[in-house]
Amino acid sequence: MADDFSYRISTTRFDEHYTPAESSRLTTNFANLARGEHREQNLRNTLTMIERRFNDLVRADNPTGDRYGVELDIVSVQLQFDALDAGAAADQSFPLLEVLDIHLLDRLTGLRTQGIVGNNFSSYVRDYDFSVLLPAAAARAGEQAVGGAPAVPEDFGDLHGKLFDDFLASPVYRERFAQPPVICISVSTSKTYRRTETQHPVLGVEYRQDASSLTDVYFGKMGLEARYFMPRGAVAPLAFYFRGDLLADYSDLQLAGTISTMEAFQKIYRPEIYNANSAAPEVYRPSLDAQDFSRTQIDYDRDERSRLALTQGRYTQEHFIEPHREVLEQWAATAGAGALA
C-alpha cells in the first residue's frame, strides 16, 4: 500500500499581494484575510502586527525595535493517488493540509534564520471529521449535534492522524524541514486553565488545563502533545501542539516567530480572548461572550467560517473520503487499527 499515494509540496509567499490558491480552505486564517475590498490593507496590517510583536518579544538585543523582519510562506501539501490513471473517475490528488513556514531576517547582520514550520494548521479532512462525521455520530446516538457531551466515535481522527504522521515521515517532509512542526491555536472555551510556577523567557508563564479537550485528543492522534503558555505582554495563553521538547528543541527566536504570528491571527479572529483589556487571571476560563475587549482594524465573519466548514467538510466527503474509501481503509489498516466511519 506504500505506493498508493505520495505527497507534493508547494509554497506561496504570504504578503500583501497574496491570493489564495483554488485548493486553499476558505476558512483558513490567511485565506480569510485576503478577501474583500480591503484585502491588501488587511494583509499589510496583519504583517505589521506580526513584525512589531516579534521585535517586542526579542527586545533584549533589539534597542531600536525594528531589527528583525518576519517572512511567511504558506506550505501546501497535496496527496497524490499514484495508482490512478488520468482517465479515472476519482480525483487523482487532494489538498491534504496547509501550514505556515516562518523565516526570520536579521536586518543588522543580514542573516536569515529558519523559524518553525506549522503554526497555523488547515485541513479539509479535519473539516470532514468535525462538521460531517461528528454530527452524524451524534445523530446516530440519538443526541443533538450541539449541547451535552458529544457522541465521539472511538476511531475519530484516526485517518487524519495517520495521514499527518505519514507525511511527516515522508522523504518530501524530511528533505524540506529539519524539525517537526509546532501548531499554535486558541485555548478551548470549554476548559479551565490554571497558572503554574513554570516560566520561559519567550513562551512566558505556563497554564495547565483541567481536562483534555476534543481538540487535544484529535491532535494527540496526530502524535502531538499540548502545553499552554501566556507570553509576556499577552492577555491569554496560547495552545502549543508539538512533538519532542517544546522548550529545548527550538530557539528563542524560533518560538518568538510562532508566538508573534499566531497571536496576531488570534487577536483578529478571537478578540474577546486575545485582545481583551485585562490579562487572564490565575484561574482562567476563556469565553467568546466576554465584553471587555478591543477589536482590531481587520474584520472577520465567524458565522461565515462556521458555514464554510460544513461546506468544505462535505466537499471532502465527496471528493476524498467516498471515492477513495477502499484505498484509504486498506492503507489505514496497515498503518494501525481503525477504519473510516
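Tutor: Happy to! One term before we start: two strands pair if DSSP finds at least two bridges between them. With that in hand, β4 and β5 run parallel and are joined by 2 bridges. Keep in mind that this is a predicted model.

Student: Which residue of β5 stands opposite N119?

Tutor: That would be I183. N119 itself lies in strand β4.

Student: Is N119 buried or exposed?

Tutor: Buried: its relative accessibility is 0%, and the cut-off for buried is under 20%.

Student: How many residues of β5 are buried?

Tutor: 5 of the 5 residues in β5 (182-186) are buried, so the strand is mostly covered.

Student: Let's zoom out. What's the strand order in the sheet?

Tutor: The sheet is open, has 10 strands with mixed pairing, and runs β1-β2-β3-β4-β5-β9-β8-β7-β6-β10. Its edge strands are β1 (5-13) and β10 (283-284), each pairing on one side only.

Student: In what sense do β8 and β9 run?

Tutor: They run antiparallel, with 5 bridges joining β8 to β9 (residues 238-242). A226 stands opposite Y241 in β9. Moving along the sheet, β7 (residues 204-209) and β8 (residues 225-230) also pair in the antiparallel sense, over 3 bridges. There, V205 has M230 in β8 as its bridge partner.

Student: Switching to helices. At what angle do α4 and α11 pack?

Tutor: At about 70°, with their axes 10 Å apart. An angle from 65 to 115 degrees counts as roughly perpendicular, so that is how α4 and α11 sit to each other.

Student: Which residues make that contact?

Tutor: From α4 they are L159, K162, L163 and D166, and from α11 they are L328, W331, A332 and A335. By class, the contact has 6 nonpolar residues, 2 charged ones and no polar ones.

Student: How many residues of α8 are buried?

Tutor: 15 of its 18 residues are buried, so α8 is largely enclosed by the rest of the structure. Helix α8 (residues 252-269) reaches 26 Å from its first C-alpha to its last, close to the 26 Å expected at 1.5 Å a residue.

Student: And how far apart are the end C-alpha atoms of α2?

Tutor: They are 27 Å apart, which agrees with the 27 Å that the 19 residues of α2 (residues 39-57) should span at 1.5 Å a residue. Several of its residues are buried, including R39, L43, I50 and F54.

Student: Let me pick out L97. What is it in contact with?

Tutor: L97 is in strand β3. Leaving aside neighbours within four places in sequence, L97 is in contact with V75, S76, V77, F121, S122, F164 and F167. L97 counts as buried, at 6% relative accessibility.

Student: Now a loop residue. Where does D292 lie?

Tutor: D292 lies in the loop between β10 and α10 (302-321). Its relative accessible area is 46%, so D292 is partly exposed.

Student: What does D292 touch?

Tutor: Not counting residues up to four places away in sequence, D292 touches A276, N277 and S278. D292 and I273 are 19 residues apart in sequence, and their C-alpha atoms are 9.4 Å apart in space.

Student: Last one: how many helices and strands does the chain have?

Tutor: The chain comes to 11 helices and 10 strands. Of its 341 residues, 50% count as buried. Among contacts with a separation of 6 or more, residues 24 or more positions apart account for 67%.

Conventions: Residues numbered from 1 in each chain as written. Predicted model: local features only at pLDDT ≥ 70, side-chain atom pairs only at ≥ 80, totals over all residues. Heavy atoms only, no water. Helix = DSSP H or I, 4+ residues; strand = E, 2+ residues; numbered from the N terminus. Expected span 1.5 Å × (residues − 1). Buried < 20%, exposed > 50% of the residue type's maximum accessible area, 1.4 Å probe, protein only. Axes fitted to C-alpha atoms, helices over the stretch in contact; angles between N-to-C directions. Parallel < 35°, antiparallel > 145°, perpendicular 65-115°, else oblique. Contact = heavy atoms within 4.5 Å. Nonpolar A, V, L, I, M, F, W, Y, C, P; charged D, E, K, R; others polar.
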